[in-house]
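Here is a quick tour of one chain, written for someone who likes cut-offs spelled out. Have the structure open while you read.

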Amino acid sequence: MADKSDTKDELTPRSSKAIPSSRLSRIGRLGSLAGKIAGNVVTQGAGQLLKGEKPVLSSLLLTPKNIANIADQLASMRGAAMKLGQLISMDAGDFLPEELAVILGRLREDADPMPKSQLIETLNNAWGEKWQDGLLYFSFAPIAAASIGQVHKVITMEGEMLAVKVQYPGVKQSIDSDIDNVATLIKLTGLVPKSLDIGPLLQDAKTQLHQEADYEREAKMLNRYRALVEASDFSRHCSTAFIIPKTYAPLTTSTVLAMDFIEGQPLDVLLDEPQKIRDAVMTALMTLFFNEVFNFKLLQSDPNLANYRFKPDSKEIVLLDFGATRVVPDHIAAQYQILLNSASNNDEKMMQQAAFAIGLIDETHSQTQIDAVINIGMEACEAIRHEGPYDFGQSDLITRLHEKGMTLTMGHNFWHTPPVDALFIHRKLGGLFLLAKRLSANVDMREAASTWLTA
């Protein structure tokens, strides 16, 4: 029989908070948040007027108190409300207003777990009310809690140790309204320009989140991805191997995902590893990325560091969370291979043609805007032209790209949303660049992409 006690596991959980599961209660949370912000604005503004100062709305909205309120409320709601903030982020403040980076930093942390009573009710609905009788052990203390679900350690009657991800109640039903309401809140606070049309991004965020909330789909994607990695010989050329958990079908439903429990440490432990190990890990991850786009045509598009674990003893990388896995269309993969080769050969004309085909630019853009985009593209791919290992730790590439991106947007009035497939490819690669920078890794990018580079 499963252990019914509140067992403390490897990670001591935060204090639990019940998740609002109905649409009305979730709207009420955001309405309450808007009221708090408005109240703080009035109070702060009145205080400034009494001092003879002229209040500025943006500074009143983005006070530390309001920022804390926004972050805490979105984190307590979990689901799409929390995930939307994560989707906007590239996992670093370099590309974001400082205030938004603070909010997103809070949202990237572990969420507050749901109370035991709510967890039991959720599992009763998924597995039936006598589910505890069929397990040898179930830890009610989660080992991880994130935006859409929390993870528990389980031992079956056969002695198999599993990691079981349990979806928060109401998440699936509230995705659309959550995103619409949070988008309104973000616009209200002025965290994104009013002139920027984020409609297409929000629609795709809804589509992706509906997919991520379908754990049966995630199980299929995990199995498909795992089979592709095992069938490919690319990992034989890497000194660092990958471990991908197997799914456990008897306990997997649309709201519960069961898989192998694999011990691993957060990637930050790599900071204590020798340079050679950090280089090998990053080389393996970059090589995997190129295989995802050009070989597998299947991209795990979420670069969140929590999706990776490292085993210090065996020096292996554990890959987790395949809810955000996306199929890469053949034409997108083909055009990105052309773009890769254009960067390798420093061929701006070829890059421009590929950028048009992908949808990064179109006929409405001026030649000045197009030239600026191609210039950024070439600079972003400088590691591909570099002979030998590229030193990400010493490179200021991320800062340069940020500055040129801001100039393109503001100076050249380039408000253009590329196709979502391109956005997620860029997001994944951007996350890997940031990780390489964090690890001060040296990676021979030409070697990692050599299979797809023409002479």
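The chain contains 17 helices and 12 strands; helices (H or I, at least four residues) and strands (E, at least two) are DSSP runs, numbered from the N terminus. This is a predicted model, where local features need pLDDT of at least 70 and side-chain atom pairs count only at pLDDT 80 or more, while totals for chains, interfaces and linings use all residues. Residues are numbered from 1 along each chain as its sequence is written, and side-chain values use heavy atoms, with hydrogens and water left out.

Of the chain's 455 residues, 52% count as buried (under 20% relative accessible area, with exposed over 50% and partly exposed in between, using a 1.4 Å probe and protein chains only). Take the chain's contacts (heavy atoms within 4.5 Å) between residues at least 6 apart in sequence: 73% of them join residues at least 24 apart.

## The core and helix 10

In soluble globular proteins, nonpolar side chains tend to be buried together. Here, the largest nonpolar core has 107 residues, and Met282 and Phe290 touch the most other members. Helix 10 gives this core its largest share, 12 residues. By definition, such a core is a set of buried Ala, Val, Leu, Ile, Met, Phe, Trp, Tyr and Cys residues joined through side-chain atoms within 4.5 Å.

Leaving aside residues up to four places away in sequence, Phe290 touches Asn295, Leu340, Ile384, Met445, Ala448, Ala449 and Trp452.

## How helices pack

Helix 10 packs against helix 11 (residues 330–344) at an angle of about 130°, with the axes 9 Å apart. Axes here are lines fitted to C-alpha atoms, for helices over the stretch in contact, and angles run from 0 to 180 degrees between N-to-C directions. The two helices are therefore oblique to each other; angles under 35 degrees count as roughly parallel, over 145 as roughly antiparallel, 65 to 115 as roughly perpendicular and the rest as oblique. Phe290 turns up again in this contact, with Val293 and Phe294 of helix 10 meeting Ala333, Tyr336, Gln337 and Leu340 of helix 11.

Helix 9 (residues 215–231) also meets helix 10: their axes come within 12 Å and cross at roughly 100°, which makes helix 9 roughly perpendicular to helix 10. Tyr225, Leu228 and Val229 of helix 9 make the contact with Leu288, Glu292 and Phe296 of helix 10.

## Salt bridges

How many salt bridges are there? The count comes to 12, taking a side-chain nitrogen of Lys or Arg within 4 Å of a carboxyl oxygen of Asp or Glu. One of them joins the side chains of Glu292 and Lys428 (2.9 Å, N to O). Glu292 lies in helix 10 (residues 275–296) and Lys428 in helix 16 (residues 420–438), so this pair ties together parts that are 136 residues apart in sequence. Both Glu292 and Lys428 are buried.

Arg326 belongs to strand 10 (residues 325–327) and Asp421 to helix 16, so parts 95 residues apart in sequence are tied together. Arg326 and Asp421 are buried too. Elsewhere, a network of salt bridges links Glu379, Glu382, Asp396 and Arg400.
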